[in-house]
Amino acid sequence: MTILGTERLILRKMTDQDEDHLMKIFSDPIAMQYYTSTKTREDARKWINWNIKNYEKHQSGLWMCELKDTGTFVGQCGIVPQIVDGQEEMEIGYLFVRDYWGEGFATEAASAVRDYGWNKLQLSRLISMIYKYNTPSIKVAERIGMVFVKETNIKDRPTFIYSVNLKVR
């Protein structure tokens, strides 16, 4: 089911059939270098189930990003609930297949997701939790209008919190 479209991408809900797609990212140690580890197929199944539950509970989750022209899977992006210093926040998350890094897909998807959060979900604030040393993700956050808020520890790792608030129109 398509959720969003951008100039080059379709964002759709994950299904049980997306395990192989996710493994293109999860099994790549370079793509996962800023996460605690690579992920197994079992982890991918749990990830899919977590997102399906998020779709039901929050009307959002991470969505599969595919090229409009070919349907090729290039990554995932969406809005998920996270706990930051004891407070629930809604996070824009993004993670892309390494072959498609540097082409602007993360920024394109994250911009559309940000607008979806404001316009469809009526959220006034969105965050991104970014491992302190993940410069490419920091740049994506900044390109979509996010600003550094604070440094904290998430899963015993130094993590930057970036946020963006709804623009008054």
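A residue counts as buried here when its relative accessible area is under 20%, as exposed when that area is over 50%, and as partly exposed in between (1.4 Å probe, protein chains only). With that in hand, welcome to a predicted model, in which local features need pLDDT of at least 70 and side-chain atom pairs count only at pLDDT 80 or more, while totals for chains, interfaces and linings use all residues. Residues are numbered from 1 along each chain as its sequence is written, and side-chain values use heavy atoms, with hydrogens and water left out.

**Salt bridges**

- The structure has twelve salt bridges, each being a side-chain nitrogen of Lys or Arg within 4 Å of a carboxyl oxygen of Asp or Glu.
- One of them joins the side chains of E108 and R8, at 2.6 Å from N to O. This pair links distant parts of the chain, 100 residues apart: E108 belongs to helix α3 (residues 105-119), and R8 to the loop between β1 (2-5) and β2 (9-12).
- Helices (H or I, at least four residues) and strands (E, at least two) are DSSP runs, numbered from the N terminus.
- E108 is buried at 16% relative accessible area, whereas R8 is partly exposed at 29%.
- R125 and E89 form another salt bridge, with their closest N and O atoms 3.2 Å apart. Here R125 in strand β6 (residues 125-131) is linked to E89 in strand β5 (residues 87-96), 36 residues apart.
- In this pair R125 is partly exposed, with a relative accessible area of 30%, and E89 is buried at 16%.
- E151 and K132 also meet in a salt bridge, their closest N and O atoms being 3.5 Å apart. E151 sits in strand β7 (residues 147-154) and K132 in the loop between β6 and α4 (135-143), so this pair ties together parts 19 residues apart in sequence.
- Both partners are partly exposed, E151 at 40% and K132 at 28%.
- Salt bridges with shared partners also join E19, D20, R41 and R45 into one network.

**Helix α3**

- Helix α3 is mostly covered, with 13 of its 15 residues buried.
- The end C-alpha atoms of α3 are 21 Å apart, which agrees with the 21 Å that its 15 residues should span at 1.5 Å a residue. The expected span is 1.5 Å times one less than the number of residues in the helix.

**The largest pocket**

- The largest pocket has a volume of about 1100 Å³.
- On a 1 Å grid over the protein atoms alone, a pocket is an open set of points where a 1.4 Å probe fits, with protein on both sides within 12 Å along at least five of seven lines, and lining residues have an atom within 4 Å of a point.
- Among the 41 lining residues, Y35, Y94, L95, M129 and N134 are the closest to the centre of the pocket.
- Strand β5 gives the most to this lining, with six residues. Elements that each supply at least two lining residues include α2 (41-58), β4 (73-84) and β8 (157-165).
- The lining divides into 22 nonpolar, 13 polar and six charged residues.

**Y94**

- Y94 lies in strand β5 and is buried, at 11% relative accessibility.
- Contacts of Y94 (heavy atoms within 4.5 Å) include Y35, Q76, A106, S128 and S137, leaving aside residues up to four places away in sequence.
- The C-alpha atoms of Y94 and S137 are 8.2 Å apart, although 43 residues separate the two along the chain.

Key:
Points joined across faces, edges and corners; volume = space filled by probe spheres on them. Nonpolar A, V, L, I, M, F, W, Y, C, P; charged D, E, K, R; others polar.
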